[in-house]
Amino acid sequence: MVSDLQTKLDYVNAYRENRLMAAQDVLENHSLFDELVSICFSPSDKNNHKACWILEFVSYEELIWLQPHLDFFCSNLKILKDESSIRPIAKVVQLLIKSHYKKSENCILLSEENLQDCIEASFDWLINDVKVATKAYSIRTLYVLGNHYDWIHPKLQIILNKDYADHSAAYKAVAKEVLRKINI
């Protein structure tokens, strides 16, 4: 039997309004969230990439909902292979890392293992052949992480300097911004 969420995802397309409506459905029905996270990390599910799109939008509003799923979420980052799934998840990783290091209530708390999984995935996305948006999220995520792990900035600097000439204007803009921050 097909779940309500799967039925909703069948009708999701790339239009922003359409994705926002599906995310709103999840925000109004918290009970759908567990299944949404599960579908995000089921690459064989035909709606996998759509679930990732929706998770990104839900995360802007209720990032804290991911807290009980962080071990599953972080340990499965490496199984994502489809560009349409990776881009929104790279953005969610960026949100998680920023929240983890923000010292206020309602923050995400990542374990050391979660952080290591995020570091590994972000470096993988940065050096592998993925689209520029995913690389930009990864660069920004690694910059934040590099403020807490002293080996990250030097490694990030090497990669950005080496790859700089081969990339688009959008990549160069993010790389330049982050390199400037690292060199301060």
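Start by selecting the charged side chains: the chain has 21 positive and 25 negative ones, and the centres of the two sets lie 9 Å apart. Lys and Arg count as positive and Asp and Glu as negative, with His and the chain ends not counted; each charge is placed at NZ of Lys, CZ of Arg, CG of Asp or CD of Glu. The model is predicted, so local features need pLDDT of at least 70 and side-chain atom pairs count only at pLDDT 80 or more, while totals for chains, interfaces and linings use all residues. Residues are numbered from 1 along each chain as its sequence is written, and side-chain values use heavy atoms, with hydrogens and water left out.

Next, show the whole chain as a cartoon. The secondary structure comes to 10 helices and 0 strands (DSSP runs numbered from the N terminus: helices are H or I of at least four residues, strands E of at least two). The radius of gyration is 17 Å, close to the 16 Å that the globule rule gives for 184 residues, so the chain is as compact as a globular protein of that length. That radius is taken over C-alpha atoms, and the rule is 2.2 Å times the number of residues to the power 0.38. Along the principal axes, the C-alpha atoms fill a box of roughly 55 × 35 × 25 Å.

Now colour by burial. Buried residues make up 51% of the 184 (buried is under 20% relative accessible area, exposed over 50%, partly exposed in between, with a 1.4 Å probe and protein chains only).

Select Leu66, Phe73 and Ile89, the residues with the most contacts inside the largest nonpolar core, which has 65 residues. Such a core is a set of buried Ala, Val, Leu, Ile, Met, Phe, Trp, Tyr and Cys residues joined through side-chain atoms within 4.5 Å. Helix 6 (residues 83-101) gives the most to this core, with 9 residues. Centre on Phe73: leaving aside residues up to four places away in sequence, its contacts (heavy atoms within 4.5 Å) include Phe41, Leu55, Leu66 and Ile89.

Move to Cys74, in helix 5 (residues 70-75). At 1% relative accessibility, Cys74 counts as buried. Beyond four places in sequence, Cys74 touches Leu110, Asn114, Asp117 and Cys118.

Finish at Val130, in the loop between helix 7 (112-127) and helix 8 (132-146). Val130 has 14% relative accessibility and therefore counts as buried. With residues up to four places away in sequence not counted, Val130 touches Glu83, Trp125 and Lys135.
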